[in-house]
Amino acid sequence: MRLFDVYPLFNITPAKALGSWLWDDQGKKYLDLYGGHAVISIGHSHPHYVKSLTDQLNKIGFYSNSVQNPIQEKFAEKLGQFSGYPDYQLFLCNSGAEANENALKLASFITGKKKVIAFKKAFHGRTSGAVAATDNPKIVAPFNAGHEVVFVPLNDEAAFTAALDSSTAAVIIEGIQGVGGIQLPSDSFLQFLERKCQENGSLLILDEIQCGYGRTGKFFAHQHAGIKPHIITTAKGMGNGFPVGGVLIHPDIKPWSGMLGTTFGGNYLASVAGLAVLEVMENEKLMENAATIGHFWISELKKISTITEVRGRGLIIGFDLPEEKKTVRTDLLFKHAIFTGEAKPNTIRLLPSLAMTKSEADLFLTALNEELK
Ligand SMILES: Cc1ncc(COP(=O)(O)O)c(C=O)c1O
């Protein structure tokens with residue numbers, strides 16, 4: 001059977017990985033500054049993570065959500081305490097799109113409305129409602145296009161006010177836009193959204209799937225703005241590669257039992273993976289590290305005159321290159337063995353593990369300076 005064509009493939013076959021490093025099947029070593037789309041949060045194959053998953057698999061790998069699962073409880077407890085949201089409820093699922101789909105559905109159930117406000121350049125996933133709230137018509141099928149979604153420019157208070165009305169169930173925004181090229185909502189814009197949603201009886205959903213989980217130096221990117229959304233969605237770094245997604249729900253929202261459901265969400269392995277990630281983040285102070293290395297990288301990138309703009313916070317960074325430098329990403333990969341990400345038209349995205357060291361950060365700057373000189 002031929003595989004479905006998901007992404008264009010680099011001709012590289014990773015065979016093992018550790019920390020910020022990958023080795024291909026020929027033994028060639030690569031520095032990973034992309035973590036397979038921002039997934040690797042604590043570093044590849046962290047020994048505590050590997051041991052936790054292996055030990056669990058040797059006991060029980062799966063049973064459904066109709067029995068007691070103390071590991072899931074422990075995971076939720078730890079996530080609540082570590083993220084600063086101990087009073088929120090946690091619904092566990094398996095991916096980012098699924099988290100957003102459930103968040104939108106929950107907001108619609110709770111408000112009894114269906115209009116959603118999303119933002120230009122937003123990416124929220126590929127399932128029905130999530131893709132309808134994604135600003136990319138190419139990936140929205142006629143079947144998905146039936147949702148009532150209005151897109152307004154990021155940081156535009158007047159456009160937002162014009163779009164918000166009594167039929168608005170939810171406003172969905174990324175803490176920092178990832179796929180859109182690392183675009184930051186201002187703190188004052190997030191505070192404005194929080195206020196407006198409160199006044200209007202609409203629910204504010206913060207999509208923290210790419211930018212959250214410690215990446216910006218706080219647990220969630222929106223926490224830099226001091227707001228408290230009604231719903232927060234998370235995935236990617238949650239399981240460090242094991243598929244885990246989550247919806248955090250404000251205590252004032254009272255879902256009825258069974259409003260959301262899942263077979264695999266929060267299973268033993270997912271919960272153990274999620275717990276191990278949080279333990280490593282805490283023990284190794286990875287949020288602090290993300291803030292320090294990110295600050296260093298951003299200030300160094302700003303010194304490079306060929307770079308037209310640098311955006312980001314902590315270890316979610318995007319920088320723009322002029323058209324004549326559009327091969328830099330592939331040159332970094334094939335000449336310097338460094339994985340990075342991209343965004344259209346000519347942005348390089350850095351989304352490494354939060355355990356990235358200063359010397360690994362230096363290796364990247366040396367290679368980049370060589371390509372840009
Ligand atoms: C901000 C954001 N939301 C949602 C998603 C969808 O996540 P998944 O691919 O796990 O469905 C992504 C994936 O890139 C994302 O970056």
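Mentor: Helices (H or I, at least four residues) and strands (E, at least two) are DSSP runs, numbered from the N terminus. Two residues are in contact if their C-beta atoms, placed from the backbone, lie within 7 Å. Axes are lines fitted to C-alpha atoms, for helices over the stretch in contact, and angles run from 0 to 180 degrees between N-to-C directions. In this predicted model, local features need pLDDT of at least 70 and side-chain atom pairs count only at pLDDT 80 or more, whereas totals for chains, interfaces and linings use all residues. Residues are numbered from 1 along each chain as its sequence is written.

Trainee: Which strands does α4 lie across?

Mentor: Helix α4, residues 96–111, lies across β4, β5 (115–119), β7 (168–174), β8 (203–207), β9 (231–234) and β10. Its axis runs at about 25° to β10.

Trainee: What is the order of the strands in the open sheet of seven?

Mentor: Two strands pair if DSSP finds at least two bridges between them. Here the order is β4-β10-β9-β8-β7-β5-β6, with mixed pairing. β4 (89–93) and β6 (149–152) each have a single partner strand, so one side of each edge strand lacks a neighbour in the sheet. From one strand to the next, the twist averages 20°.

Trainee: How many bridges join β4 to β10, and which residue is the bridge partner of Gln-89?

Mentor: Five bridges join β4 to β10 (residues 245–249), and the two run antiparallel. The partner of Gln-89 is Ile-249 in β10. By contrast, β7 and β8 pair in the parallel sense over five bridges, with Val-171 bridged to Leu-204 in β8. The pairing of β8 with β9 is parallel too, over three bridges, and there Leu-206 stands opposite Ile-232.

Trainee: What is the handedness of the unit made by β7, α7 and β8?

Mentor: A crossover is right-handed if, with the strands pointing away from the viewer, the path from the first strand over the helix to the second runs clockwise. The β-α-β unit of β7, helix α7 (residues 187–200) and β8 is right-handed.

Trainee: Are the residues of β8 buried or exposed?

Mentor: A residue is buried if 20 or more other C-beta atoms lie within 10 Å of its own, exposed if 12 or fewer, and partly exposed in between. In β8, five of five residues are buried. Leu-203, Ile-205 and Asp-207 point one way, while Leu-204 and Leu-206 point the other way.

Trainee: Why is Ala-273 classed as buried?

Mentor: Ala-273 counts as buried because 22 other C-beta atoms lie within 10 Å. This residue belongs to helix α8 (residues 268–283). Leaving aside residues up to four places away in sequence, Ala-273 touches Tyr-49, Leu-53, Gly-239, Asn-240, Phe-242 and Val-244.

Trainee: Which residues are closest to the ligand?

Mentor: A residue is near a molecule if its C-beta atom, placed from the backbone, lies within 6 Å of it. The ligand is surrounded by 15 residues, and the closest are Ser-95, Gly-96, Ala-97, Gly-125 and Gln-210. Helix α4 gives the most to this shell, with three residues.

Trainee: What is the strand order in the open sheet of four?

Mentor: That order is β11-β12-β15-β14, with antiparallel pairing. Between β11 and β12 (residues 316–320) there are five bridges, and Val-310 stands opposite Phe-319 in β12. Helix α9 (residues 286–302) lies across β11, β12 and β15 (347–350), at about 170° to β11.
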